[in-house]
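Subject: Structure for your review

Dear colleague,

Please find below the structure that I am handing over to you. My notes on what was found in it follow.

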Amino acid sequence: MQKSQTTQVKSLTLANHQTSRWHSFSSQDEINQAAVKRILEAADEAIAQYGSFLIVLAGGSTPKSVYQLLAKEQADWAKWHVYHNDDRCLPVDHAERNSKMARDAWLNHVAIPQAQIHDIPAELGNVEGAKAYAETLAGVRSFDLVILGLGEDGHTASLFPGQAVDNSADAVPVFNSPKPPADRVTISQNRLNNTHEVLFLVTGAGKQEAVDNWLNGVAIPATLIAPAQGVDVYCFGVKVAA
Ligand code: 6PG
């Protein structure tokens with residue numbers, strides 16, 4: 001199925017062969033609507049091909065308004081399987097847990113079977129949580145869509161600048177995260193790259209330096225995400241020089 005036409009303003013291929021397609025939107029509502037549209041299209045495509053849709057959610061605050069819109073949509077929810085690209089080592093119901101944000105904004109309001117919502121058990125701690133999530137991911141086919149955010153320092157998921165890349169398993173512990181809390185669990189770079197499609201959601205002037213670095217070929221962690229099909233970066237409130 002032809003991808004919906006969006007406002008692509010730039011395409012970039014870096015020395016590490018990451019291809020990124022940049023889409024600028026003129027309002028929060030426009031970027032949210034475009035993200036929801038693409039997510040629902042990706043679901044239809046995957047369900048038509050595999051009978052299921054494997055989506056990996058971004059944490060942080062940016063995607064919340066997209067998740068809130070998805071809560072109002074009609075979809076073949078019974079065929080959706082939801083994963084998280086990372087989570088913070090906090091109690092299950094802690095307000096800062098990425099899984100709690102997604103459930104409150106969206107997942108508690110649609111009929112995705114609970115057995116198909118795979119929270120990262122980060123409450124076990126980073127080492128035990130990563131071990132358990134790696135078992136959850138074992139044997140899971142390529143993801144269909146990975147949603148990612150971008151940190152002001154260029155991090156994505158819980159892949160942070162200056163931290164050794166750990167691809168020892170599909171899910172790995174993070175220590176000393178510069179973004180609290182220090183202990184996290186993240187899906188590894190390699191497993192995140194085992195996906196058909198990646199959609200970054202980047203909003204707000206605070207991300208301008210990270211975007212500039214990205215576009216100028218600075219090896220920020222977001223450039224580690226280099227699946228064969230490239231990545232799409234939906235932007236609002238940041239300048240993307242064409
Ligand atoms: C987290 C996320 C992290 C996030 C970026 C952007 O646990 O915080 O995994 O990678 O996506 O830091 O966060 P905001 O969307 O809040 O700017």
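Which residue of β6 is the bridge partner of Ile 55? The partner is Leu 145. Strands here, like helices, are DSSP runs numbered from the N terminus (E, at least two residues, for strands; H or I, at least four, for helices).

Before going further, please note that this is a predicted model, in which local features need pLDDT of at least 70 and side-chain atom pairs count only at pLDDT 80 or more, while totals for chains, interfaces and linings use all residues. Residues are numbered from 1 along each chain as its sequence is written, and side-chain values use heavy atoms, with hydrogens and water left out.

The sheet

Strands of a sheet pair through backbone hydrogen bonds, either parallel or antiparallel. In this model, seven strands form an open sheet with mixed pairing, in the order β1-β2-β10-β9-β6-β3-β4; two strands count as paired if DSSP finds at least two bridges between them. Because β1 (8-13) and β4 (80-84) stand at the edges with a single partner strand each, one side of each has no neighbour in the sheet. From one strand to the next, the twist averages 20°. Strands β3 and β6 are paired in the parallel sense, over two bridges.

Helix α1 (residues 28-50) lies across β2 (19-25), β3, β4, β6, β9 and β10, and runs at about 155° to β10. For such angles, axes are lines fitted to C-alpha atoms, for helices over the stretch in contact, and the angles run from 0 to 180 degrees between N-to-C directions. Contact means heavy atoms within 4.5 Å.

The nonpolar cores

A nonpolar core is a set of buried Ala, Val, Leu, Ile, Met, Phe, Trp, Tyr and Cys residues joined through side-chain atoms within 4.5 Å. Buried means under 20% relative accessible area, exposed over 50%, and partly exposed in between (1.4 Å probe, protein chains only). The largest core has 39 residues, and Trp 22, Phe 143, Phe 200 and Trp 214 touch the most other members. Among the elements that each supply at least two residues of this core are β3 (53-57), α4 (126-137) and β10 (231-236). Apart from this core lies another, of 35 residues, including Ile 31 and Leu 201.

Cys 235 lies in strand β10 and counts as buried, at 1% relative accessibility. Leaving aside neighbours within four places in sequence, Cys 235 is in contact with residues including Trp 22, Phe 25 and Ile 31.

The salt bridges

Side chains of opposite charge can pair when their charged atoms come close. A salt bridge is counted here when a side-chain nitrogen of Lys or Arg is within 4 Å of a carboxyl oxygen of Asp or Glu. The whole structure holds 15 of them.

One joins Arg 184 and Asp 86, at 3.4 Å from N to O. Arg 184 is in strand β8 and Asp 86 in strand β5 (residues 86-88), so this pair ties together parts that are 98 residues apart in sequence. Arg 184 is buried, with a relative accessible area of 2%, and Asp 86 is also buried, at 4%.

Another salt bridge links Asp 87 and Arg 97, at 3.0 Å from N to O. Asp 87 is buried at 0% relative accessibility, and Arg 97 is buried at 2%. Salt bridges that share partners also join Lys 37, Arg 38, Glu 41, Glu 45 and Glu 197 into one network. Within it, the closest N and O atoms of Glu 45 and Arg 38 are 2.9 Å apart.

Yours sincerely,
A colleague
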